[in-house]
Structures are given as structure tokens and as C-alpha cells.
4 protein chains.
Amino acid sequence: MSHDEAPPTERAELAPETASRIRASIARQTLLTTLGVSVERLAPGYVELGLASRADLSQQHGFVHAGAITAIADSACGYAAYTGFPEDRDVLTVDFSMSLVAPAAHPEFVAAGRVIRSGRTLTICRGEVYGIAEDGERQLVALIQATMMAVTRMSGNA
Amino acid sequence: MSHDEAPPTERAELAPETASRIRASIARQTLLTTLGVSVERLAPGYVELGLASRADLSQQHGFVHAGAITAIADSACGYAAYTGFPEDRDVLTVDFSMSLVAPAAHPEFVAAGRVIRSGRTLTICRGEVYGIAEDGERQLVALIQATMMAVTRMSGNA
Amino acid sequence: MSHDEAPPTERAELAPETASRIRASIARQTLLTTLGVSVERLAPGYVELGLASRADLSQQHGFVHAGAITAIADSACGYAAYTGFPEDRDVLTVDFSMSLVAPAAHPEFVAAGRVIRSGRTLTICRGEVYGIAEDGERQLVALIQATMMAVTRMSGNA
Amino acid sequence: MSHDEAPPTERAELAPETASRIRASIARQTLLTTLGVSVERLAPGYVELGLASRADLSQQHGFVHAGAITAIADSACGYAAYTGFPEDRDVLTVDFSMSLVAPAAHPEFVAAGRVIRSGRTLTICRGEVYGIAEDGERQLVALIQATMMAVTRMSGNA
């Protein structure tokens, strides 16, 4: 459909230390573990997270709940911002807007977050969540526009 | 602080059938059960949902994850809208904006959602999430502004 | 209707120097002059701006255009934030969400903006725009939720 | 930078009657005339509007006011949605989120709005506003994510 919905085709590789730091930070986010979130792609300014539909993550019609869809959308944007931060900084979500454009009725989901503009303090991101059908076809289910902030890293964790 | 943050003092009672329908709908939202969400108050155009901090719901610093905070904020607004719908309608979130104003570092949370204006198709809501300290003091942690849609109820569920 | 829609009844007075600084800053915003915006109230963390309907400010049905409604909503929030800033700081809008809940078909409008939470860098505000009928009755026409940033004041202006 | 920022390269032509209807509707939006807004491109699901910086459209630092930037962003999205509506429908903005990512310090601006997903009642759009330097270089200044509604056309106008 739109050029928004296509994943980037060419991206530089992320420095291995940055990738490790992000994977360690994601591992500490116990909600993401509870939801079964997987890391699908880490690139400079771009992160993809995966989520599988599960009986204990649904809303009242059996689709995946907007709270879970939001969790991966927000986290993909937050880590996309984080890829550009110096090592002593951590990321905090200031605010975001979600549009839920189709029911999350798919077996798998992927949330793509990318940096649109990064300043010293604030980084603006956009992201999309796609439902993936059994034949691999992607359908857009949600849009996010988010403002992230770089904060001094809290000691002992990221 | 602001008049936004005070819960309503006087509200009419919700019809028992409507309250039952909402409790049944919430019970079908398995993500809310997974997160441990409780119904704290149901009134016409106003709903409060509770959430307790838990080791498996955290972000990277041990605070409750924004995804869980969003799930209760969105759901409180959705059910607040739903209290005013005819019996054959169901509620769908169109979009929402979340502002995360303080770390969700409290043992308990309550999300209040209320109807600001309801039209035939769309209902506009606002809500707040408060962290509740051990001494019972409330602190605002998040704001939501949401657009909800009334849709024809899907057969067999709500 | 909701407790959101009532204007505050008791507010401390704003320091006269701060009020002067805000009036001078508003006077430099030539778009506000072009639109005919008036200052209705300045209090700590709370600002009201007025706008009169005019033939050259309409959308396609003759109602006041959402762009003009947004201009007063955003400015009321920005100056509400500004009332709490030190003298050497200026205010910048980071982002906002507007919900347009009723047609702006009234002869007069007032936008109320107020601070919900102020941090060192960011201040979160909410606001409402009301249409005022000829008999003085107010009707809610728009909601705003906004993130403002304190920045070092640019020399020679505010 | 991002694939969001590139204008579409290939788009079908808009039916001449639809283009006429949109131009007539824009002409009735007197605020757009007051601001000096121009139609730069009309294509199915995609609209570009232009704005020139002017001394009477500024905020307190002489940059173009966010209210004017919002007016073209919202209108570009609204008309992008409108290109897909049947003849008897009109477009209404339900809500939108704006992120202001850089000062609007340029001599010219263009707002691009495009449809992301269109349903029977609601159409979700995204848009960007670019500042255009004297050498023609474009810089992103604002992002919008908007929800539009198709309503029955009001008699006698569009």
C-alpha cells in the first residue's frame, strides 16, 4: 500500500556492543518475557520485535489485546531511539499516539520502530505493527508516533 | 493538584445488567486476567480498573511496564464508553494518546476512564492512571485521551 | 458534564512580571494577532485565550477552522507551562493530540490550558476549547493533551 | 533519511471531477485563503498543500506558528481521505497527533497527507510537513497522524 508499510531494505549493521546492550535491556523487561516478545531485527535507528498470538493475551473477541500490541509498538520505537544513544544513556517514553487500524486477528505480529528525528534530549519515532497471516502475508494493524527521551542511565541496569 | 485528578464524588449507579455485561466482557479479556486487572468501579460513563505491581510486569528498571499501564488506561476508557452503549453494541478503540508523566514505581495502580462526549458512532474519553503508595497516597503516572467506536456486537461474545 | 470542563474556581495570582512577559510574548506571535486572539486569564499553571468567529477563519461549512481552534488550544497550554518557567527559559511545543468533539459553530471561543505535571525539561498540559453561545452557554468543542519543553531563551525575544 | 519522508513517485491520476470538488472545498475554507495555502498536488489518497512564510503568521521567534503548520498538515490529510469518498460524503477530522520536530524557520513549506487505511466510516492518515530552503532542500518540520470521518455532505456546500 503505502511506502510507510515497507520495511527498510538497506540498513547499516548495529555495533555488536550496542546490540548486546539492547538484548540485555529487553531481557530485563519482564513484561516482554511474559508476553513472549522476540527480537527480530536490530539496526541503527530501526528495531523489529515479534509477538505470537496466545490464548492468554486476548481481548473479548479472541484477538490480541491492544495492550500487547501497544507494548511491542512502544518498545520497538524506544529501542530504535536507544540505538543512537551514548552508552551512559537510557531511554524513557514521554508520550505516544496509537491508531488501531485493523483487528489483531493474526497468528503472528511484528512491530517495526524507527527514528524519524533525534535531538539531544528528545527522539521522535514512528512505527507500525503488522499481523502476519499463515501464508506470510502482512497486514497493517496499528500505527504509532512516539516521543522518546534520553536520560542518564540508572546504575546497575539499563 | 488539578481538578482532573480527583475522582468523581457523585455518580448515578449503573444498571445491574450493564454492570454484569461489562464484568463478563472484562472476564473474556484474557490479557487483563494475565495482568491481574481488577474492576474497582463501574458507573455511568466512568470506570476504574486496578492493577498490582508484579515481578513479571516490569520494564528494565523494575517499574511496571508502560504496556501494562496502557492496557488498563485504554480498557478503563473503553468500558466507560461501553456503559452508555445499547445492549447490541460493542466497543472498539480507534486511537489514543498516552502521556507517561511519572515512573510507575508504586505497589498498586488505578486507571480511571470517563466519557467526555458521546456521539452516535464515536465516544471521546479521557483517563488517568495513578500509582498508589503504601500509605494510600495517589500520584498521577499517566494520562490518556482516547477515541472509541460503537460497533455491532459480534455474535456469541461482547 | 465532566469535572474536566469546569474552569478552576480558585487560583493564586500570577506575578505581574510573569504576566507582562507572557503578554509581550503573545504580542510577538503575529499569527495570534492575525487570528484576533485575546488573553482572557493568566494564572499560575493556567491560561485562557479567547477567539471570535470571523468570516476569514472558517472551514468549508462556515465553522471556525480546526487550525484556528488548534492555535488557541496549543498556545493556552504553552503559556500555562510558561507561567512556571524561570525568566531565562522559553517554551516550545514538542507534540500534542487534539480531539475535535463538536463543530466550532459558535460566535466566540475560549481555550483553557493548564499544567498537569511539570518536570525539569518537560511539562505536560491538558486543555479544552469551548464554544460560547450568544446566551453565554459553553459547549466543549475540542480537547488537547500536550507536551511542552523548556528551552534556553533566544536572545532579544521570548 | 527515512522512507517516510520521500514523496510518492508513482500515483494514479485523480478523476477531474474529484479534483474540482476538492479545489472548490479548499476555496471555501477561508482560513486557508487567509494563510495563503496553495494546492500543490492532488492524487488518489495523497494531497500536498503549500504555505509561504509571512510576517503575520509567526510565533514569538519569527518562525511560522505551529497553528499554521497544523492547519496545512490536518487539511492535507483530510483532503487525502476525501479523494476516496463517494460524491455525497464530506470529511471531518476526528482527532490528530502532531509532533513538531524542527523550527519552522524556512521560506516555504509543503504538507503531504496520505491515506494509510480507509474503512467505511473512518480513514487513518499520516502526513509530514517539510520546510523548503532557498536552495530547494527539504527538511522535516512536523509529523501528523490523523483519524478522519466520512459524514453525509451538508447541503449547499462541501
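**Figure 1. Surroundings of D95(C) in the predicted model.** The side chain of D95(C) makes a polar contact with the side chain of T147(A) at 2.6 Å, a polar contact being a pair of N or O atoms within 3.5 Å, where within protein one atom must be able to donate a hydrogen and the other to accept it, and where residues adjacent in sequence count only if both atoms are side-chain atoms. The model is predicted, so that local features need pLDDT of at least 70 and side-chain atom pairs count only at pLDDT 80 or more, while totals for chains, interfaces and linings use all residues. Residues are numbered from 1 along each chain as its sequence is written, chains are lettered from A and ligands numbered from 1 in the order in which they are written, and side-chain values use heavy atoms, with hydrogens and water left out. D95(C) is placed in strand β3 (residues 89–100) of chain C; helices (H or I, at least four residues) and strands (E, at least two) are DSSP runs, numbered from the N terminus. D95(C) is buried yet has no salt bridge, and the nearest side chain of opposite charge, that of R126(A), is 12 Å away. Here buried means under 20% relative accessible area, exposed over 50% and partly exposed in between, with a 1.4 Å probe and protein chains only; Lys and Arg count as positive and Asp and Glu as negative, whereas His and the chain ends are not counted. With neighbours within four places in sequence left aside, the residues in contact with D95(C) are D95(A), T147(A), Q145(C), A146(C), T147(C), M98(D) and S99(D), contact meaning heavy atoms within 4.5 Å.

Figure 2. R126(C) forms a salt bridge with E128(B), with the closest N and O atoms 2.7 Å apart. The pair joins two chains, because R126(C) lies in strand β5 (residues 122–132) of chain C and E128(B) in strand β5 of chain B. R126(C) counts as buried at 0% relative accessibility, and E128(B) is buried with a relative accessible area of 2%. Within chain C, the side chains of R114(C) and E128(C) meet in a salt bridge of 2.9 Å, N to O. This pair links distant parts of the chain, with R114(C) in strand β4 (residues 108–118) and E128(C) in strand β5, 14 residues apart, and both residues are buried. R114(A), E128(A) and R126(D) are linked in a network of salt bridges.

**Figure 3. The salt bridge between D56(D) and R54(D).** The side chains of these two residues meet at 2.8 Å, N to O. D56(D) counts as partly exposed at 28% relative accessibility, and R54(D) is partly exposed with a relative accessible area of 32%.

Figure 4. Y79(B) and Y82(B) form an edge-to-face pair, 5.8 Å centre to centre with 75° between the planes. Both lie in helix α3 (residues 66–82) of chain B, three residues apart, which is about one turn of the helix, and both Y79(B) and Y82(B) are buried. Y79(C) and Y82(C) also form an edge-to-face pair, at 5.8 Å centre to centre and 75° between the planes. Y79(C) is buried with a relative accessible area of 2%, and Y82(C) is buried with a relative accessible area of 1%. In chain A, Y79(A), Y82(A) and F85(A) form one aromatic cluster.

**Figure 5. Surroundings of P107(B) in a loop of chain B.** P107(B) is found in the loop between β3 (89–100) and β4 (108–118), and is partly exposed, with a relative accessible area of 30%. P107(B) and A133(B) are 26 residues apart in sequence and 6.4 Å apart in space, C-alpha to C-alpha. Not counting residues up to four places away in sequence, P107(B) touches L51(B), A52(B), S53(B), I132(B), A133(B) and E134(B).

Note on methods: Salt bridge = Lys/Arg side-chain N within 4 Å of Asp/Glu carboxyl O. Phe/Tyr/Trp six-rings, centres within 6.5 Å; stacked < 30°, edge-to-face > 60°.
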